[in-house]
Amino acid sequence: MQCEGSKKILCEIYTTSEESFSVGYAVRENETETLFKVFDELGRECALYVIKKSMIVSLVKETNYLKKMEVYLNYWSKAIKSNIYIPELDKENMFNQVLKLVNESNSVATIRTLDHEELMTGFISKVDDKKIFLKCISMEDATIYDEIMILNENIWFIEFNSIENNILSYAYDILNK
């Protein structure tokens, strides 16, 4: 992948389209998965993504946009302390470790699967080596609207420890006291 190493190499991460991408750098990777720390368009830390390498269309380095983003990251590194907690994960089977971590911490995750076009966001209520159960939460009103079973082998993207999901979880907790 060559976005991991002692020096953090900022990359444009393309998955489902050549038209849109995320910006981040690899924190950890193995033969089949990469854990990225991801930044928003203003250079603020926004999430951790674990992505199956087979779903990464391309990683682009050293663009003019990334040069600007490096300046933004530098600004934020001086302005505020990091808010995104990166868990200690073994390099092997990061997906299962992240699924268990999200379940145990009762936090919200966003998942994309091979058999679903849309992103699914919610709490993981059960997890084992073959499947998870996701209590889907509405982005509009922070209510649970469904619980679905997802096969682990179909998951190719997990967003966790993200600002958006943490705020949604907070709203859910407050509105459902």
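A residue is called buried when its relative accessible area is under 20%, exposed when it is over 50%, and partly exposed in between, as calculated with a 1.4 Å probe on protein chains only. The structure is a predicted model, in which local features need pLDDT of at least 70 and side-chain atom pairs count only at pLDDT 80 or more, whereas totals for chains, interfaces and linings use all residues. Residues are numbered from 1 along each chain as its sequence is written, and side-chain values use heavy atoms, with hydrogens and water left out.

**View 1. The aromatic pair of Y49 and F157**. Y49 counts as buried at 12% relative accessibility, and F157 counts as buried at 9%. Rings of Phe, Tyr and Trp (its six-membered ring) pair if their centres lie within 6.5 Å; planes under 30 degrees apart count as stacked, over 60 as edge-to-face and the rest as tilted. The whole structure holds 7 aromatic pairs. For Y49 and F157, the ring centres are 4.6 Å apart and the planes stand at 70°, so this pair is edge-to-face. Y49 belongs to strand β4 (residues 45-52) and F157 to strand β10 (residues 155-160), so the pair ties together parts that are 108 residues apart in sequence. Helices (H or I, at least four residues) and strands (E, at least two) are DSSP runs, numbered from the N terminus. Elsewhere, one aromatic cluster is formed by Y14, F21 and Y65.

**View 2. Charged ends over the rings of F95 and F133.** A charge sits over a ring if NZ of Lys or CZ of Arg is within 6 Å of the ring centre and within 35 degrees of the ring normal. The charged end of K52 sits over the ring of F95, at 5.7 Å from its centre. The charged end of K126 sits over the ring of F133, at 5.3 Å from its centre.

**View 3. The largest nonpolar core**. A nonpolar core is a set of buried Ala, Val, Leu, Ile, Met, Phe, Trp, Tyr and Cys residues joined through side-chain atoms within 4.5 Å. Among the 28 residues of the largest core, L10, L35, I155 and I158 touch the most other members. Helix α2 (residues 94-105) supplies the largest share of this core, 5 residues. Apart from this core lies another, of 11 residues, among them A26, F36, W156 and F157. Contact means heavy atoms within 4.5 Å. Not counting residues up to four places away in sequence, the contacts of I158 include L48, Y49, F95 and V98.

**View 4. N152 in its loop**. N152 is placed in the loop between β9 (144-151) and β10, and is buried, with a relative accessible area of 8%. Its side chain is joined to that of N96 by a polar contact of 3.4 Å (a pair of N or O atoms within 3.5 Å; within protein, one must be able to donate a hydrogen and the other to accept it, and residues adjacent in sequence count only if both atoms are side-chain atoms).

**View 5. Salt bridges of D129 and D128.** A salt bridge is a side-chain nitrogen of Lys or Arg within 4 Å of a carboxyl oxygen of Asp or Glu, and the count comes to 6. D129 and K100 meet in one of 3.6 Å, N to O. D129 lies in the loop between β7 (120-127) and β8 (131-137) and K100 in helix α2, so the pair ties together parts that are 29 residues apart in sequence. D129 is exposed, at 54% relative accessible area, whereas K100 is partly exposed, at 35%. In the salt bridge of D128 with K131, the closest N and O atoms are 3.1 Å apart.
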